[in-house]
Amino acid sequence: MDSSQSTVLGGNGGSGGNGTLISQTNDITASTAGADDSMQKLNQVSNSIQKTLGLIHQLYLTVSTFNAAFQMPLLQRINGLVVELDNMVKLAEKSNIQVPMEVVNLIDDGKNPDEFSKDVINSCIAKNQIPKGKTDALKNLRKHLLEELEQNFPDEVETFRESRAAAAAELKRQAQAQSALPNGDVRVKSEH
């Protein structure tokens with residue numbers, strides 16, 4: 001059982017009771033422990049990668065200056081590399097780290113993976129420009145129509161604005177009523 005759970009022994013404090021175990025989980029503690037656990041796993045994977053890179057460098061140095069006297073150290077370094085790679089596989093199985101294939105392909109091509117993030121952000125900005133342009137055009141059309149209507153039908157436009165303001169106030173009141181608890185406190189959305 002991890003630190004996010006507490007166990008309570010049912011019955012008479014465990015002496016003569018029914019001995020039932022009741023597991024209680026605190027959501028806040030569990031989510032904090034889960035975040036800490038995933039960060040710890042990520043750090044373990046990162047350390048394993050660094051250690052593997054160091055072992056590969058040592059192996060490279062041994063192979064590049066190889067002679068018969070270095071056969072035993074070479075075998076030891078190869079075994080050390082195999083053990084560390086096995087450790088890395090075990091750590092990877094415990095971790096839930098998602099890496100997009102595009103990032104892996106960029107790394108294989110010898111490019112910086114930050115380029116992927118930059119391209120995704122630029123793509124989102126470019127795709128956002130079309131709806132933003134449409135929204136701005138509709139706002140300008142609405143503004144222009146209201147100006148024209150106000151010149152030709154001032155009484156009707158004033159009635160329209162009053163009804164819009166009343167409807168907006170009613171929607172705001174309903175939204176506040178839905179988020180209010182019976183004791184008058186405001187309900188806050190929980191973050192998971």
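Let's start with Thr52, a residue that lies in helix H1. Keep in mind as you look around that this is a predicted model. Is Thr52 buried or exposed? Its relative accessibility is 5%, and since buried means under 20%, Thr52 counts as buried. Which residues does Thr52 touch, once its neighbours within four places in sequence are left aside? The contacts are Leu81, Glu84, Leu85 and Met88. Helix H2 spans 71-94, and Met88 is also one of the residues that line the largest pocket.

Tyr60 has a relative accessibility of 56%, and because exposed means over 50%, Tyr60 counts as exposed. If you look for Arg77, you will see it 17 residues away from Tyr60 along the chain, with 9.9 Å separating the two C-alpha atoms.

Now step back to view the whole protein chain. It has 5 helices and 2 strands, and reading along the sequence gives the pattern β-β-α-α-α-α-α. The chain has 192 residues, of which 9% count as buried; Thr52, as we saw, counts as buried. What share of the contacts with a separation of 6 or more comes from residues 24 or more positions apart? In this protein chain, that share is 32%.

With that overview in mind, let's visit the largest pocket. The largest pocket holds about 150 Å³ of space. Its lining is made up of Val45, Ile49, Met88, Ala92, Ser95, Ile97 and Val99. By type, these residues divide into 6 nonpolar and 1 polar, with no charged ones. Helix H1, covering 27-64, and helix H2 each supply at least two residues of this lining.

Ala92 lies in helix H2 and has a relative accessible area of 45%, so it is partly exposed. How far apart are Ala92 and Val45 in sequence and in space? Along the sequence they are 47 residues apart, while from C-alpha to C-alpha the distance is 7.0 Å. Both Ala92 and Val45 line the largest pocket.

How values were computed. Residues are numbered from 1 along each chain as its sequence is written. This is a predicted model: local features need pLDDT of at least 70, side-chain atom pairs count only at pLDDT 80 or more; totals for chains, interfaces and linings use all residues. Side-chain values use heavy atoms; hydrogens and water are left out. On a 1 Å grid over the protein atoms alone, a cavity is a set of points where a 1.4 Å probe fits but cannot get out, and a pocket is an open set with protein on both sides within 12 Å along at least five of seven lines; lining residues have an atom within 4 Å of a point. Grid points are joined across faces, edges and corners, and a volume is the space filled by probe spheres set on the points. Helices (H or I, at least four residues) and strands (E, at least two) are DSSP runs, numbered from the N terminus. Ala, Val, Leu, Ile, Met, Phe, Trp, Tyr, Cys and Pro count as nonpolar, Asp, Glu, Lys and Arg as charged, and the others, Gly among them, as polar. Buried means under 20% relative accessible area, exposed over 50%, partly exposed in between (1.4 Å probe, protein chains only). Contact means heavy atoms within 4.5 Å.
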